[in-house]
Amino acid sequence: MIIRITDDRKRELTFGGVPKRVVSLVPSDTYSIAALGCAGALVGRTDYCELPADVVAKIPSIGGTKNPRVDDIVALEPDLVIANQEENTRSDLEKLAQHGVKVLVCFPKRAADGLAHLARLAKIFRVEADPNVRAMMKQGYEAVREAEASRAEPVPTFCPIWMKPLMTINGDTFISDMLALAGASNVFADRERRYPLAADLRGATPMDAEGRDTRYPRVTMEEVVARKPALVLLPDEPHPFSEEDANVFRGEGFTKVVRTSGKDLCWYGARTVEGLPRVRALIDAQR
C-alpha cells in the first residue's frame with residue numbers, strides 16, 4: 001500500500017513500503033525511531049545522536065548535524081533521510097536531494113507538534129497499530145492535555161541556551177512551549193533577535209530581518225535582571241551550562257538557579273512523552 005506523507009516544508013513524500021535503510025540527522029528522531037521499535041532500520045546517525053546508547057553504538061556516524069559528510073550518507077544508500085529544518089543546513093539537504101535521496105524535513109515548534117511528528121514516523125514505518133506505539137502516543141497526548149488543563153500561576157523563568165554570547169529563546173520555540181506547559185512563563189517570550197549584533201545587544205538601529213530566524217535573541221545580563229525572572233533554568237544542551245555558569249547568575253542576585261536536562265526541554269517526539277512530566281515536576285518544585 002502506498003502512503004503519502006507531508007513534511008514540515010509542505011512537501012509530499014510517497015512511500016511504497018517500509019523504509020529499510022534510514023539515516024537520522026536529528027538526535028531526537030534517532031531516539032524516537034528506537035522508541036517506535038524500528039531501530040533496525042537505522043544505518044546512519046550523527047555524532048550527537050547519543051540515545052539510546054546501546055542502539056547508537058552499533059550505528060556508524062556520518063558527522064555532525066551542521067556538517068554531515070554527504071558523500072558518506074549517499075554511500076549508505078538510504079531510502080530515507082530524516083532531517084530538521086533548524087538543526088541541519090539547507091545546502092546539505094539540497095545536495096542529498098540532488099543525489100535522489102528522499103529527505104523528510106521536520107520542524108516542530110510545539111510539544112503537540114512533536115507528538116504529531118512521532119505519529120507521522122509511526123505511519124511511515126507502519127507501526128501505528130502496534131500496541132506499544134499506541135500506548136506511547138496516548139501517554140504523550142494525555143501528558144499535554146493534563147498540562148494544559150492544570151496550569152497554575154506561571155513561574156517567570158529565564159532559560160538561556162548559550163552563555164557567551166548570552167542567548168535565549170522567544171515564545172515561538174519548542175523550548176518555550178515546553179516551559180509554558182510545565183508551568184513556567186518565558187520572560188523573553190516577546191523578544192525577537194535583532195540584526196546586526198549591535199542592535200541586539202546595544203539598541204542600535206536594526207536592519208531588516210526578513211528571511212532570518214529571529215527566535216533566538218542575544219541578550220545582556222542587564223536585560224535579564226530587568227526582566228526579573230524568579231527562576232533561572234540552565235539546560236545541559238545545546239550549551240553545557242556548568243556550576244560555574246550557575247554561580248555567575250547567583251552573583252547577579254538570582255536565588256533560584258537550577259541546572260536541568262536539555263533533552264527534556266528540546267528533544268521532541270518520544271522524549272517529550274517522558275520529559276514533559278519531569279519538567280512539570282521541576283517547575284512545581286520551584287514555586
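What volume does the second largest pocket have? The legends below take up this question together with other views of the predicted model.

**View 1. The overall fold of the predicted protein.** The protein contains 12 helices and 12 strands. Its radius of gyration is 20 Å, close to the 19 Å that the globule rule gives for 287 residues, so the protein is as compact as a globular protein of that length. The C-alpha trace spans about 60 × 40 × 35 Å along its principal axes. Of the 287 residues, 52% count as buried.

**View 2. The largest pocket, with a volume of about 1200 Å³.** This pocket is lined by 33 residues, and the closest to its centre are Lys 66, Glu 86, Glu 87, Tyr 216 and Pro 238. Helix 1 (27–35), strand 8 (160–162) and helix 7 (174–182) are the elements that each give two or more residues to the lining. By class, the lining of the largest pocket holds 15 nonpolar, eight polar and 10 charged residues.

**View 3. The second largest pocket, with a volume of about 280 Å³.** Residues that line this pocket include Arg 9, Arg 11, Gln 85 and Asn 88. The largest share, four residues, comes from helix 4.

**View 4. Residue classes in the lining of the second largest pocket.** The lining divides into four nonpolar, two polar and four charged residues. Among the lining residues are Arg 90, Leu 93, Glu 94, Ala 97, Val 103 and Val 105.

Definitions and conventions: Residues are numbered from 1 along each chain as its sequence is written. This is a predicted model: local features need pLDDT of at least 70, side-chain atom pairs count only at pLDDT 80 or more; totals for chains, interfaces and linings use all residues. Side-chain values use heavy atoms; hydrogens and water are left out. On a 1 Å grid over the protein atoms alone, a cavity is a set of points where a 1.4 Å probe fits but cannot get out, and a pocket is an open set with protein on both sides within 12 Å along at least five of seven lines; lining residues have an atom within 4 Å of a point. Grid points are joined across faces, edges and corners, and a volume is the space filled by probe spheres set on the points. Ala, Val, Leu, Ile, Met, Phe, Trp, Tyr, Cys and Pro count as nonpolar, Asp, Glu, Lys and Arg as charged, and the others, Gly among them, as polar. The radius of gyration is taken over C-alpha atoms; the globule rule is 2.2 Å times the number of residues to the power 0.38. Buried means under 20% relative accessible area, exposed over 50%, partly exposed in between (1.4 Å probe, protein chains only).
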